[in-house]
Amino acid sequence: MPVKNRLAEMQAEITKWRRHLHAHPELMYDVHETAGFVVERLKAFGVDEITEGVGKTGVVAVIKGRSDTKGRAIGLRADMDALPIEEATGLDYASTVPGKMHACGHDGHTSMLLGAAQYLAETRNFDGTAVLIFQPAEEGGAGGLAMCQDGLMERWGIQEVYGMHNMPGLPVGEFAIRPGALLASSDEFEITVTGKGGHAAAPHEAVDTTLVASHIVVSLQSVVSRTVDPIKRVVLTVGTFETDSVASNVIAHTVRLKGTVRTLDPEYRAIAEQRVRRIAEDTASAFDASAKVEWTPGYPVTVNSEAETSYAAEAAAAVAGKVNDGTDPIMPSEDFAYMLEERPGAYIFLGNGDTAMCHHPEYNFDDDAIPAGCSWFAEMVERRMPAE
Ligand SMILES: [Zn+2]
Ligand SMILES: [Zn+2]
């Protein structure tokens with residue numbers, strides 16, 4: 001069975017919504033206009049309940065099936081926020097807001113979930129409750145966590161939860177998924193190395209923090225190469241090395257290093273933190289300097305549960321004719337991970353074709369992916385809660 005005919009018919013209309021959202025990007029929790037647009041559409045479709053302000057600016061909508069004999073409820077999630085990037089696509093519906101852009105396709109995700117909402121509200125061909133989740137602040141603001149902390153799963157009785165992200169490089173309308181870890185956790189660290197500044201010609205009277213910090217950067221490479229089991233996946237990158245000296249003849253007093261640790265194995269988050277602290281503090285101490293480490297935990301590993309991954313793959317195969325159900329995991333992170341920590345569920349990739357990568361100023365969501373994406377959301381509801 002291919003994409004749902006009704007959703008194929010609706011593609012032109014859904015494309016208009018997508019392009020409207022694309023032209024009006026909003027960041028983080030400040031998605032008031034986007035949430036307003038979502039609510040306006042949901043009202044027009046005649047959904048049963050709409051709740052605004054969940055997790056600050058998230059929206060939750062309920063669509064009841066024709067019957068409810070088993071008390072089933074399935075959550076479907078889309079993200080609404082854009083990125084602080086200056087758009088360079090030259091499209092006639094490009095961002096109208098300087099410095100803000102839908103460069104991750106969340107305009108597409110929101111529009112596809114709206115399309116599925118319209119279809120489900122019209123057809124109601126299921127036994128149970130579909131809960132539609134429109135979240136803010138996926139891009140670094142943990143909007144998914146904010147919604148969970150606001151009681152998302154309990155208040156709406158969600159038993160399973162499903163999400164989708166477009167994927168450049170995968171043919172349009174095709175799907176890819178895997179059970180287990182799909183996307184990495186992402187933690188950040190900042191190391192402040194303090195020594196003693198001085199004249200470049202008299203290093204013996206100073207404690208050269210540039211040298212100390214350089215040893216720290218080199219030693220940090222041993223975390224992945226010598227602490228982590230070689231068959232596990234961990235990446236550690238020092239992205240910033242900033243000294244307080246702006247002159248060639250001045251020894252810096254402090255150096256600030258900033259970096260990130262990403263992994264598909266949750267146990268290595270704690271191990272990496274311990275090693276980074278130890279290496280920074282003890283290396284600094286060996287040179288008579290000191291190091292202060294600040295560790296900021298970010299999104300957890302996105303882990304697809306086994307059974308729900310196969311349900312998601314079966315729905316994708318029904319829509320697209322085939323599915324790659326053993327795709328490789330990748331190292332970006334995703335705050336749908338928080339929802340998957342609370343309920344079984346799965347996250348799936350939908351092909352966006354041969355486009356620029358997400359977060360690139362020339363990226364654009366491909367509207368031809370809309371029928372497949374909407375159909376997968378609707379299919380999940382109809383398959384997991386079959387009509388009586
Ligand atoms: Zn993104
Ligand atoms: Zn994204």
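Which residues does leucine 132 touch, not counting residues up to four places away in sequence? They are Leu42, Val59, Val60, Ala61, Ile63, Leu76, Leu113 and Ala117, where touching means contact, with heavy atoms within 4.5 Å.

Quick housekeeping. This is a predicted model, where local features need pLDDT of at least 70 and side-chain atom pairs count only at pLDDT 80 or more, while totals for chains, interfaces and linings use all residues. Residues are numbered from 1 along each chain as its sequence is written, chains are lettered from A and ligands numbered from 1 in the order in which they are written, and side-chain values use heavy atoms, with hydrogens and water left out.

Okay, back to Leu132. It is among the residues with the most contacts inside the largest nonpolar core, which has 62 residues. A core here is a set of buried Ala, Val, Leu, Ile, Met, Phe, Trp, Tyr and Cys residues joined through side-chain atoms within 4.5 Å, and buried means under 20% relative accessible area (1.4 Å probe, protein chains only). Apart from that core lies another, of 27 residues, including Ala213 and Val276.

Now the metals. The zinc ion (ligand 2) has Cys104 (SG), His106 (NE2) and His165 (NE2) as protein donors, 2.1 to 2.3 Å away. Donors are N, O and S atoms within 2.8 Å of the metal (3.2 Å for Na, K and Ca); water is not among the atoms, so sites may look incomplete. Along the chain, the donors follow the spacing C-x1-H-x58-H. Cysteine 104 also bridges this zinc ion and the zinc ion (ligand 1), and the two ions lie 3.1 Å apart. Both cysteine 104 and histidine 165 are buried.

Methods. Buried means under 20% relative accessible area, exposed over 50%, partly exposed in between (1.4 Å probe, protein chains only).
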